[in-house]
Every structure is written in structure tokens, then in C-alpha cells.
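My notes follow in the order in which I looked things up.

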Amino acid sequence: MPETALLRVPIFPLAGALLFPGAQLPLHIFEPRYRSMVRDALASDRLIGMVQPRDQRDPPALFEVGCLGRIASAEELDDGRYNIVLEGLGRFRIAREAAVETPYRQVDADRSGFADGEEPDPLGLAQRAELEREARRYADALGYSVDWEAVGRLDDEMLVNGIAQIAPLDVGSKQALLEAPDIAERCDLLVQFMQFQRMVPGGADGPETMQ
């Protein structure tokens, strides 16, 4: 891998927080190290990599695949905290972690191997209908109130990625959704995960591991 093909980016390891290409992720930044990260990003290219941690150690081990985001908006609060919105640009694979002096971690990210800039093929009618049907059952099990008319107007990519972002699935399931090669496979996985979680003891509000 040529060095020029790698991109040095700060990372924000946050379990359960998925960012997809083209999607947006609002974040409240309160830890001092991540306030520093946001300040530095705003002063340069506004880029932050979202990565899920594998464990609860400090620092945690990281999953290899994350998503690069650009700060689309930022509000600095009086006490130094930030409210930001990240816009997903594309997935990356961690080539290596960089040895840096910053209080936050940085990696050399490899963005090759992901077809995130291409227009996805549309879902089949039956596949789309199954996703919407299962999403209704899942939302009902969670007690969510959903504007299904508005949901029906979403395109396939926004629908699949939107559900994947907000569904209270475990870290392993979220990572599998992020790493799915295309929207159709992500859709199939999402339906399986929602069905499984509805059927386990405790119901949809009791996440079970899918690892």
C-alpha cells in the first residue's frame, strides 16, 4: 500500500454509533480529549473517523473498519463542549494506528476497496416490503412512534442506513451492518437482526449479542 494512498485521521471510538456514507450523525462532545480533537479538526480539514471499540478497556481495541466523516456543523457551548453533525464520506480500513502526541488517537486510513461513491442498485420490491414490514414490528416492540408515511418516501439507501443507525443493536451487529458490501446485503442483515432480537427473551428492548 503506497503511503500516499493512506489518510491520517483522528478517530472517535464510540460503541453503537454508526456513520454511513451520505448519512449524518449528531454528536455531543464533552470529554476533554475529544473537545481537543474537534477543535483541531475545525482548524484543518474538518475530518473525523468514527470507529467502534471492540472492548471496554482504556484505550480499547478497535474494529478495523470505520467511516470517515466531515464536520458539517459545529456549535461550541460556553463550557467548551461541542454539538456537531458529521456527514459520512466513505468507509475506511485501519492500516495502522499512528504514534502521535495528541490526547486523541489517530490512524492511517485506507479508503480503497469500498465502492461507497457509486450509486447503489435499488432494492427489489419484495426486499423493500420485507424491510418496512419488519421495521414496523420492531418499532412496535420497542414502543417507538414512527411516521411511516414519511418512512415510505425515503429512498432505499436512506431507509436501510437510517434504521441501522438508530436501531438499538449490539456492537457486533452494528459492525456487521457497517461492513456489509452493499445496500441489499445490509438490508438482509438488518431484517435478520431485527427478527432475532424480537424473538429472544426480553424482546427487542433487550439487546443480545450477535458476535
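**Aromatic pair.** I looked for paired rings in this predicted model and the count came to 1 aromatic pair. The rule takes rings of Phe, Tyr and Trp (its six-membered ring) with centres within 6.5 Å; planes under 30 degrees apart are stacked, over 60 edge-to-face, and the rest tilted. The pair is Phe12 and Tyr34, and it counts as tilted because the planes stand at 45 degrees, with the ring centres 4.5 Å apart. Phe12 belongs to strand β1 (residues 6–13) and Tyr34 to helix α1 (residues 32–42), so I noted a link between distant parts of the chain, 22 residues apart. Helices (H or I, at least four residues) and strands (E, at least two) are DSSP runs numbered from the N terminus. Are the two residues buried or exposed? Phe12 is buried because its relative accessibility is 7%, and Tyr34 is buried at 9%. The cut-offs are under 20% relative accessible area for buried, over 50% for exposed and in between for partly exposed (1.4 Å probe, protein chains only).

**Ground rules.** I number residues from 1 along each chain as its sequence is written, and side-chain values use heavy atoms, with hydrogens and water left out. As the model is predicted, local features need pLDDT of at least 70 and side-chain atom pairs count only at pLDDT 80 or more, while totals for chains, interfaces and linings use all residues.

**Confidence.** I checked pLDDT, the predictor's confidence in each residue from 0 to 100. The protein chain averages 90, and 93% of the residues score at least 70. Residues 206–211 fall below 50, yet this stretch has 16 contacts in the model beyond near neighbours in sequence. A contact means heavy atoms within 4.5 Å.

**Strands around β5.** Which strands pair with β5? I call two strands paired if DSSP finds at least two bridges between them. Strand β2 (residues 24–29) pairs with β5 in the antiparallel sense over 6 bridges, and Leu25 has Leu86 in β5 as its bridge partner. β4 and β5 are also antiparallel, with 11 bridges; in β5, Phe92 stands opposite Gly66. The hairpin of β4 and β5 has 5 residues between the strands, and there Gly80 takes a positive phi near 95 degrees. Strand β6 (residues 106–110) runs antiparallel to β5 and is joined to it by 4 bridges. Asp108 in β6 is the bridge partner of Arg96.

**Salt bridges.** How many salt bridges does the structure hold? I found 14, each a side-chain nitrogen of Lys or Arg within 4 Å of a carboxyl oxygen of Asp or Glu. Glu97 and Arg105 meet in one of them, at 2.8 Å from N to O. Glu97 counts as partly exposed because its relative accessibility is 41%, whereas Arg105 counts as buried at 18%. Shared partners join Arg8, Arg96 and Asp108 into one network of salt bridges. Arg33 and Glu31 form another, with the closest N and O atoms 3.0 Å apart. Arg33 is partly exposed at 30%, and Glu31 is partly exposed at 29%.

**Helix α5.** I turned to α5 (residues 171–179) and listed its buried residues: Gly172, Ser173, Lys174, Gln175, Leu177 and Leu178. These pack against β4 (65–76), β5 (82–97), α4 (156–166) and α6 (183–199). Where the helix starts, a side-chain oxygen of Asp170 comes to within 3.0 Å of the backbone nitrogen of Gly172.

**Gln127.** I found Gln127 in helix α2 (residues 125–142). Gln127 counts as buried because its relative accessibility is 17%. Leaving out residues up to four places away in sequence, Gln127 touches Ala184, Cys187 and Asp188.

Arg46 is not a glycine but has a positive phi of about 65 degrees. Arg46 lies in the loop between α1 and β3 and is partly exposed, with a relative accessible area of 29%.

Methods. Polar contact = N/O pair within 3.5 Å; in protein donor to acceptor, adjacent residues only side chain to side chain.
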